[in-house]
Amino acid sequence: MNNTPESVVKKVLQKVRWIRYHRLHKVEAEALLKSIESEKGKISQHLKKRAKEYAHDVLGWTGYAPWLNVYAAVAGEFKEGWMPDNYYGWVVVPKMKGLYGEIAKANSLSAKLLNTDRLPDIAYHVNGLFFSPAWEVLPPETVAKYIFKHDDNVVYKADNSLQGKGIHFLDKGTFDIEKIGKTGNGVFQKYIKQHDFFDELMPNSAVTLRLTSVVEDDGNVSCRAAYLRIGRNKDTHVKSATAIKVPVDLKSGKLYEKGYLTDWRSIERHPDTNTLFAGKEIPKFHECVAYVTKTHHSVPYCRSVGWDLVVDKNETIQLMEWNGTHNDIKFSEATHGPCFADLGWEKLWRI
């Protein structure tokens with residue numbers, strides 16, 4: 001048995017990380033449950049009992065029950081096959097993605113890796129050098145002219161810009177290349193003018209469609225979940241801290257009747273634009289699904305991916321980013337899950 005000082009320290013650090021990770025999830029889940037219950041009333045002890053038993057018997061630990069309680073509170077019932085968010089992050093992500101999912105954080109690699117022309121990339125800044133999409137080095141004095149060639153406004157997205165952070169809107173008149181150097185590696189992208197359908201929901205920032213696809217054991221790729229992420233009036237872009245989420249029916253491409261605030265209280269209209277959600281059909285929805293299921297074949301070693309898409313004014317699908325690590329599943333699980341019940345992932349903790 002390996003009991004060297006290094007191995008002991010490693011085990012202790014892993015245990016600390018495990019405790020911290022699951023504690024944060026418990027706090028988040030319990031806060032959301034309290035918010036949901038303020039609207040819908042307390043969930044029954046019967047549902048809590050089912051959640052605890054399922055977490056213990058199927059997933060191996062009662063510490064996965066808090067997210068199951070949240071899902072049950074939203075759905076009004078318990079559904080076998082639900083995947084708690086902390087189980088997904090601690091068990092599924094390492095085994096179904098490993099280090100390969102981390103590649104998604106390097107924005108400059110996406111176009112070549114995914115073999116797609118749907119990314120709005122203009123240029124890249126990587127390790128002190130500026131590159132064209134063809135990987136030609138751009139002298140610093142030519143960068144401004146190059147990136148503002150077709151528009152006076154562009155977007156700079158830093159690597160690992162999760163949850164809407166690390167995104168900068170650049171103007172030709174005030175562009176400062178030295179600031180970009182301090183921001184770190186990233187990608188320059190064209191400013192997307194979204195389809196009128198999305199302008200009706202929120203004209204101030206691009207509404208993104210989140211699709212979640214998985215690679216099944218036989219290599220087939222299927223889309224398992226869909227929802228819109230809609231910003232607020234003061235947002236320049238969609239941010240996790242403020243975004244409204246609206247589930248989308250995978251068969252019809254229509255929005256559900258209710259959307260959800262960040263605390264998961266439900267609403268029927270956007271609070272800023274007063275636009276109703278119910279029955280609105282997303283333009284090019286089925287083409288979006290077909291695009292992500294095809295593109296996912298380029299990175300099959302990432303078994304689950306969250307894709308953020310925008311449909312522009314020309315009805316062209318634009319891929320804003322792809323999430324290869326811990327992509328959000330909890331919202332979809334709660335509103336129209338279980339999304340992954342047939343994949344056998346509930347058994348991974350035993351391996």
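**Helix packing around α3 and selected residues**

Me: Within what distance do the axes of helix α1 (residues 5–40) and helix α3 (residues 65–75) come, and at roughly what angle do they cross?

Reply: The model is predicted: local features need pLDDT of at least 70, side-chain atom pairs count only at pLDDT 80 or more, and totals for chains, interfaces and linings use all residues. Residues are numbered from 1 along each chain as its sequence is written, and side-chain values use heavy atoms, with hydrogens and water left out. Helices (H or I, at least four residues) and strands (E, at least two) are DSSP runs numbered from the N terminus, while axes are lines fitted to C-alpha atoms, for helices over the stretch in contact, with angles from 0 to 180 degrees between N-to-C directions. For α1 and α3 the axes come within 9 Å and cross at roughly 20°.

Me: Is α1 roughly parallel or roughly antiparallel to α3?

Reply: Angles under 35 degrees count as roughly parallel, over 145 as roughly antiparallel, 65 to 115 as roughly perpendicular, and the rest as oblique. The α1–α3 crossing is at roughly 20°, which makes the two helices roughly parallel.

Me: Is the crossing of α1 and α3 left-handed or right-handed?

Reply: A crossing is left-handed if the near helix is turned anticlockwise from the far one by less than a right angle, and right-handed if clockwise. The crossing of α1 and α3 is left-handed.

Me: How do the residues of the contact of α1 with α3 divide into nonpolar, polar and charged?

Reply: Contact means heavy atoms within 4.5 Å. From α1 come His 25, Lys 26, Glu 28, Ala 29, Leu 32, Leu 33, Ile 36 and Lys 40, which meet Pro 66, Trp 67, Asn 69, Val 70, Ala 73 and Val 74 of α3. Ala, Val, Leu, Ile, Met, Phe, Trp, Tyr, Cys and Pro count as nonpolar, Asp, Glu, Lys and Arg as charged, and the others, Gly among them, as polar. The division in this contact is nine nonpolar, two polar and three charged.

Me: Which orientation do α2 and α3 have relative to each other, and which hand does their crossing have?

Reply: The axes of α2 and α3 come within 9 Å and cross at roughly 140°. The two helices are therefore oblique to each other, and their crossing is right-handed.

Me: Which residues of α3 make the contact with α2?

Reply: The contact residues divide into seven nonpolar, one polar and two charged. On the α2 side they are Leu 47, Lys 48, Ala 51, Lys 52, Tyr 54 and Ala 55, and on the α3 side Ala 65, Leu 68, Asn 69 and Ala 72.

Me: How many of the eleven residues of α3 are buried, and what does the cover include?

Reply: Buried means under 20% relative accessible area, exposed over 50%, and partly exposed in between (1.4 Å probe, protein chains only). Ten of the eleven residues of α3 are buried, so the helix is largely enclosed by the rest of the structure. Trp 67 and Tyr 71 are among them. The cover includes α1, α2 (45–57), α4 (85–96), β10 (259–260) and α10 (330–336).

Me: Which residue just after α3 takes a positive phi?

Reply: The phi in question is about 80°. The residue is Gly 76.

Me: How far apart in space are Arg 23 and Gly 63, C-alpha to C-alpha?

Reply: Arg 23 is found in helix α1 and is exposed, with a relative accessible area of 54%. In sequence, Arg 23 and Gly 63 are 40 residues apart; in space, C-alpha to C-alpha, the separation is 9.1 Å.

Me: Which backbone oxygen lies 3.0 Å from a polar atom of the side chain of Thr 293?

Reply: Thr 293 lies in helix α9 (residues 285–295) and is buried, at 17% relative accessible area. Not counting residues up to four places away in sequence, Thr 293 touches Val 221, Ser 222 and Cys 223. The oxygen at 3.0 Å from the side chain belongs to Val 289.

Me: What is the phi of Glu 315, which is not a glycine?

Reply: Glu 315 is found in the loop between β12 (304–311) and β13 (317–323). The residue is partly exposed, with a relative accessible area of 40%. Its phi is positive, at about 60°.

Me: What is omega for the cis peptide bond that joins Gly 337 and Pro 338?

Reply: Pro 338 is placed in the segment after α10. For the cis bond joining Gly 337 to Pro 338, omega is about 5°.

Conventions. A polar contact is a pair of N or O atoms within 3.5 Å; within protein, one must be able to donate a hydrogen and the other to accept it, and residues adjacent in sequence count only if both atoms are side-chain atoms.
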